[in-house]
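Trainee: I would like to learn how to read single residues in a model. Please take me through a few.

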Amino acid sequence: MKHLLGTVKSDKNLNTAIVDVVSFKVHPKYLKRIKVNKSYATHNTLGAKTGDRVRIEETRPISKTKHWQITKILWFN
């Protein structure tokens, strides 16, 4: 299964948290590293709050947009 590390951006919905994951891509021509942000709708059963650093794992489709689940809260805000 895939695992990603990210920061909780929003926890306003019931059992759902929006997690922002930062990754780096290399530009094909200039070979410069570019920071890329992507947000994932995740299933939040652990009660993660905004600003928490979390580990998310790919799971079965829970809803139309939720295909990830928070498995561990690494540190609290």
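Mentor: Begin with the elements: helices (H or I, at least four residues) and strands (E, at least two) are DSSP runs, numbered from the N terminus. This is a predicted model, where local features need pLDDT of at least 70, side-chain atom pairs count only at pLDDT 80 or more, and totals for chains, interfaces and linings use all residues. Residues are numbered from 1 along each chain as its sequence is written, and side-chain values use heavy atoms, with hydrogens and water left out.

Trainee: Where does N15 lie?

Mentor: N15 sits in the loop between β1 (3-10) and β2 (16-26).

Trainee: What is there to read in the phi of N15?

Mentor: Most residues other than glycine have a negative phi. N15 has a positive one, near 60°. L31, also not a glycine, has a positive phi near 55°. L31 belongs to the loop between β2 and β3.

Trainee: Why does T42 count as buried?

Mentor: Because its relative accessibility is 0%. T42 is part of strand β3 (residues 33-43).

Trainee: Which residues does T42 touch?

Mentor: Contact means heavy atoms within 4.5 Å. Leaving out residues up to four places away in sequence, T42 touches N15, T16, A17, V19, I56, K66, W68 and I70. N15, with its positive phi, is one of these contacts.

Trainee: What does the side chain of T42 reach at 2.8 Å?

Mentor: The backbone oxygen of A17.

Trainee: Now N37. Which residues does N37 touch?

Mentor: N37 is in strand β3. Residues up to four places away in sequence aside, N37 touches D20, V21 and V22. N37 is partly exposed, because its relative accessible area is 48%.

Trainee: How many residues apart in sequence are N37 and T71?

Mentor: They are 34 residues apart in sequence, and 20 Å apart in space, C-alpha to C-alpha. Now take K12 and T50. They are 38 residues apart along the chain, with 8.9 Å between their C-alpha atoms.

Trainee: Where does K12 lie?

Mentor: In the loop between β1 and β2. K12 has a relative accessible area of 78%, so K12 is exposed.

Note on methods. Buried means under 20% relative accessible area, exposed over 50%, partly exposed in between (1.4 Å probe, protein chains only). A polar contact is a pair of N or O atoms within 3.5 Å; within protein, one must be able to donate a hydrogen and the other to accept it, and residues adjacent in sequence count only if both atoms are side-chain atoms.
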